[in-house]
Amino acid sequence: MTMQKFMFAILITILGFNSILLAQSVSTLEFLEALNATQLKKATLEFNDPSRETWHFFPGTMYKRSGIALYELNPAQKKLVFNVLKENLSNKGYAKTQKIIDLERYLGELTGNKEFRDPEKYNIAIYGNPKTDALWSWSFEGHHLSLNFTVLNGKISASPLFFGANPAEIKEGSQKGERVLHKEEDLAFELMHSLSRDQKNQAIFKTQAFPEILTFNASKVEPFDVVGIKAESLNKKQQDILVSIIMEYLFTLPKDLAKERLRAIKISEFDDIHFGWAGSTDISKGHYYRIQGDTFLIEFDNTQNNANHIHAVWRDFNGDFGRDLIKEHYRTAEHHKKN
């Protein structure tokens with residue numbers, strides 16, 4: 001990718017993906033106004049609090065999170081938390097979020113350990129003041145979920161976005177056959193099975209799948225060495241499948257927001273995207289894939305529990321935790337000082 005195209009990708013990301021006006025502050029303020037003083041102190045933090053750029057997908061019992069947990073709220077306040085999620089996710093994204101939380105309930109009943117597998121141990125944290133600050137952020141996080149949003153004068157940055165599923169497929173009981181993240185997995189297998197032998201040789205860069213997503217819970221990630229098959233080496237049908245995979249991740253966000261980011265990717269970096277595969281091409285055995293562009297990274301891993309435990313994440317090299325918006329904010333502030 002030329003420097004000119006790269007700068008255009010950054011520009012269109014800032015002016016596109018992060019520039020859709022959403023009424024985020026409305027539902028967030030309604031939630032904050034419903035809290036008592038003790039709850040408010042716990043739920044809100046300074047924007048520069050170190051926890052704003054830390055995250056994890058471990059269960060709430062294993063990892064102490066900032067903000068306030070669902071179990072510390074009354075039913076009306078919990079409903080307001082889910083209103084915040086509804087407003088800032090698509091119907092698809094909200095449904096996935098609910099189903100992932102429900103899996104925690106399922107595991108609690110299955111294992112008999114409801115204290116460890118507790119669907120109430122999900123935290124919401126607000127950084128800064130959405131009522132008075134131009135720049136603020138919020139997160140919702142617990143086992144197998146980490147949703148991170150940064151807002152600057154209505155511009156939105158939404159990453160990292162992590163979704164996990166354990167089990168990936170429920171094998172017994174009334175929910176038998178349910179698969180929360182099936183499209184992320186099935187579309188990738190559809191792409192793999194469409195490849196010619198030569199294309200597969202390019203795509204598969206490791207015969208053994210990694211036991212975990214390689215970026216894990218890193219605060220900041222850098223591009224990996226390029227591996228896999230380049231998008232421009234795929235035929236039109238295969239490229240369409242690749243786009244569908246990317247859309248499955250992006251469209252957890254509201255449609256307008258997701259469409260702008262997808263447009264930016266298609267215009268500025270699509271030909272340079274690489275799809276890389278590690279592990280088996282048998283869905284019942286451990287497998288991993290990554291999709292890497294100039295501005296973003298997707299990682300998907302299903303190896304644990306006999307390939308029945310998914311971790312999937314979207315990362316932005318420049319925009320995780322709103323770093324692109326923060327730079328814009330301080331650049332604008334500096335400009336105003338000089339003038």
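## Confidence in the model

The protein averages a pLDDT of 91, and 91% of the residues score at least 70, where pLDDT is the predictor's confidence in each residue, from 0 to 100. Over residues 4-22 the pLDDT is below 50, although this stretch has 50 contacts in the model beyond near neighbours in sequence, a contact being heavy atoms within 4.5 Å.

This is a predicted model, in which local features need pLDDT of at least 70 and side-chain atom pairs count only at pLDDT 80 or more, while totals for chains, interfaces and linings use all residues. Residues are numbered from 1 along each chain as its sequence is written, and side-chain values use heavy atoms, with hydrogens and water left out.

## Helix α6 and its partner

Helix α6 covers residues 182-194, and its buried residues (under 20% relative accessible area, 1.4 Å probe, protein chains only) are E184, E185, L187, A188, F189, L191 and M192.

Helix α6 packs against helix α8 (residues 236-250) at an angle of about 165 degrees, with the axes 9 Å apart. Because angles over 145 degrees count as roughly antiparallel, α6 is roughly antiparallel to α8. The residues making this contact include L187 and L191 of α6 together with I241 and I245 of α8.

## The surroundings of F57

F57 lies in the loop between β1 (44-45) and β2 (68-69), and F57 is buried, with a relative accessible area of 2%. Leaving aside neighbours within four places in sequence, F57 is in contact with R65, G142, H143, H144, F162, E212, I213, F216, N217 and H311.

Terms used:
Helix = DSSP H or I, 4+ residues; strand = E, 2+ residues; numbered from the N terminus. Expected span 1.5 Å × (residues − 1). Buried < 20%, exposed > 50% of the residue type's maximum accessible area, 1.4 Å probe, protein only. Axes fitted to C-alpha atoms, helices over the stretch in contact; angles between N-to-C directions. Parallel < 35°, antiparallel > 145°, perpendicular 65-115°, else oblique.
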